[in-house]
Amino acid sequence: MIQRIIAVGSAIAHLDNPIIASYKNDPQVAWVGIDRGARELLRVGLPLNLAVGDFDSVTAEERQAIQEAAQECIILPSEKNDTDTEAALMEMMKKWPQSEHIIFYGMLGGRLDHTLNNLWMVYQDRFQPVISRLEFISDTNTVRFLEPGDHTVCPYEGMTYLSLISMGPVSGLTLKDVKYCLEDFASDKPRSFISNEFLPDGRPMSLSFTSGLLMVLQTRDAH
C-alpha cells in the first residue's frame with residue numbers, strides 16, 4: 001500500500017537531497033514526475049509511477065522516453081486552467097487517496113510566481129482534504145502546513161532555523177520547547193515568526209492553536 005508520494009518538479013538540478021534519498025528503496029513510496037521532473041526521475045534510475053504535464057520543457061526524444069517508462073503518463077494541453085502541479089495533485093488524490101504524506105521536491109525556487117502558486121494551493125477548496133499531508137522540500141527549505149490542534153514538529157538534520165507564518169487570522173497560538181516561546185497569541189492578520197530555533201538537545205517543538213492555518217518552515221542558509 002502506498003503510504004507516501006514524492007512528486008518531483010522542474011526546479012531542480014539533482015536528486016541527492018538527503019531527505020529524498022532516504023526514501024529511494026521504500027516500496028511504500030510512489031514516485032511522480034511533473035513535467036521535466038519526470039525526466040529527472042528517469043535520469044537517476046528511480047521509478048516513474050506517474051508522469052503528468054504538458055512536457056513543453058523536454059525534447060521530443062525525452063518525452064517519448066517518459067511515455068515509455070511511466071506506469072501511467074498523462075499529457076496535458078499547453079493551454080489550460082490548471083498548472084501542471086495542480087493537475088498532478090488532483091491525479092495523486094484520485095490514484096492514492098489513502099496516502100499519508102505528499103512531498104513536492106523541486107517546487108521551491110525558480111520562478112517566484114510558480115513558487116507562490118504552489119504554496120497557495122492550500123487555499124483551494126478542492127485541496128482541503130490533503131492540506132496537512134503536503135510538504136515542500138528543497139535543499140535549503142522544508143514547508144508544511146498545520147491545521148488547528150496540538151502538534152509536535154521534529155527537527156530535520158542540517159536545517160538551522162524554524163519559522164512560522166500564519167496564512168490568515170490565527171488564535172491561541174502557543175509555542176513550547178523552542179528558543180523563543182509564545183503563549184496564546186492571536187492576530188486578525190497574517191503574521192510571521194521567523195528564525196526561531198529548536199533547543200540544543202533536539203527535542204521536538206510543541207505547538208498548538210485554536211483557529212487559522214500555519215505554514216511551518218525549517219530552513220538553512222545556502223552554502
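**Note on the domain interface and cysteines**

1. In this predicted model, 10 residues of domain 1 are in contact with six residues of domain 2. The domain assignment of the protein places domain 1 at 4-139 and domain 2 at 146-219. Taken over C-alpha atoms, the centres of domain 1 and domain 2 are 27 Å apart.

2. Domain 1 and domain 2 bury about 710 Å² between them, and carbon and sulfur atoms give 65% of this area. On the side of domain 1, Ile19, Tyr123 and Ile131 account for 45% of the area buried against domain 2, more than any other three residues.

3. The side of domain 1 that touches domain 2 is made up of six nonpolar, two polar and two charged residues.

4. The structure contains zero disulfides. For cysteine 154, which is in no disulfide, the nearest cysteine sulfur is that of cysteine 181, 17 Å away. Cysteine 181 is likewise in no disulfide, and the nearest cysteine sulfur to it is that of cysteine 154. A disulfide would require the two sulfur atoms to lie within 2.5 Å.

5. Are these cysteines buried or exposed? Cysteine 154 counts as partly exposed because its relative accessibility is 47%. Cysteine 181 has a relative accessibility of 52% and therefore counts as exposed; the cut-off for exposed is over 50%.

Methods: Residues numbered from 1 in each chain as written. Predicted model: local features only at pLDDT ≥ 70, side-chain atom pairs only at ≥ 80, totals over all residues. Heavy atoms only, no water. Buried < 20%, exposed > 50% of the residue type's maximum accessible area, 1.4 Å probe, protein only. Domains from an automatic or database assignment. Contact = heavy atoms within 4.5 Å. Buried area = accessible area lost by both parts, 1.4 Å probe. Nonpolar A, V, L, I, M, F, W, Y, C, P; charged D, E, K, R; others polar.
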